[in-house]
Amino acid sequence: MGIQGTAAMGPAAGRNTSATAAVVLGALGLFTSFAVVGGVLGLAGLCTGAFGLRGAGRRDGGVAVGRARAVIGLVLSFAAVAVSVLAAVLFVWYANRTQECYRPDDLHQYVECVRRNLGSR
């Protein structure tokens, strides 16, 4: 009965793969959000988290399967999107403020130009 009992439950019993995928995508998105790539992973995590949350509404044996994972995935994914947007805004702001510094002869000139353009006016 030991082998048959576990086989009867099946590998999918009590799993919510969408919720797990949302956590993984949210964590990867948050980790890579400073490179703005994490925003795309975060958006994918938001979608899979929503599917996981909807799937958690089905109750197996009176317990919502994967609801906590889906919520964690949604929070991580939202944070990844927010940090990616902030990183993109800061990058555009920095590029705009230091636009004239992109053709220096050496690193020292670049550093001085950036200091001059980012200093108080």
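Mentor: Residues are numbered from 1 along each chain as its sequence is written, and side-chain values use heavy atoms, with hydrogens and water left out.

Where pLDDT is low, the predicted coordinates should not be read in detail.

Now take α3, residues 38-56. Helices here are DSSP runs (H or I, at least four residues), numbered from the N terminus. α3 packs on α4 (residues 67-97) at about 160°, axes 8 Å apart. Axes are lines fitted to C-alpha atoms over the stretch in contact, and angles run from 0 to 180 degrees between N-to-C directions. So α3 is roughly antiparallel to α4 (angles over 145 degrees count as such). Residues of α3 in this contact include Leu 43, Leu 46 and Leu 53; among those of α4 are Val 71, Leu 74 and Phe 78. The contact divides into 11 nonpolar, 8 polar and 1 charged. Ala, Val, Leu, Ile, Met, Phe, Trp, Tyr, Cys and Pro count as nonpolar, Asp, Glu, Lys and Arg as charged, and the others, Gly among them, as polar.

α2 is the other partner to look at. Its axis comes within 8 Å of that of α3, crossing at roughly 160°. That makes α2 roughly antiparallel to α3. Leu 25 and Leu 28 are among the α2 residues in contact; Leu 41 and Phe 51 are among those of α3. This contact has 8 nonpolar, 8 polar and no charged residues.

Key: This is a predicted model: local features need pLDDT of at least 70, side-chain atom pairs count only at pLDDT 80 or more; totals for chains, interfaces and linings use all residues. Helices (H or I, at least four residues) and strands (E, at least two) are DSSP runs, numbered from the N terminus. Angles under 35 degrees count as roughly parallel, over 145 as roughly antiparallel, 65 to 115 as roughly perpendicular and the rest as oblique. Contact means heavy atoms within 4.5 Å.
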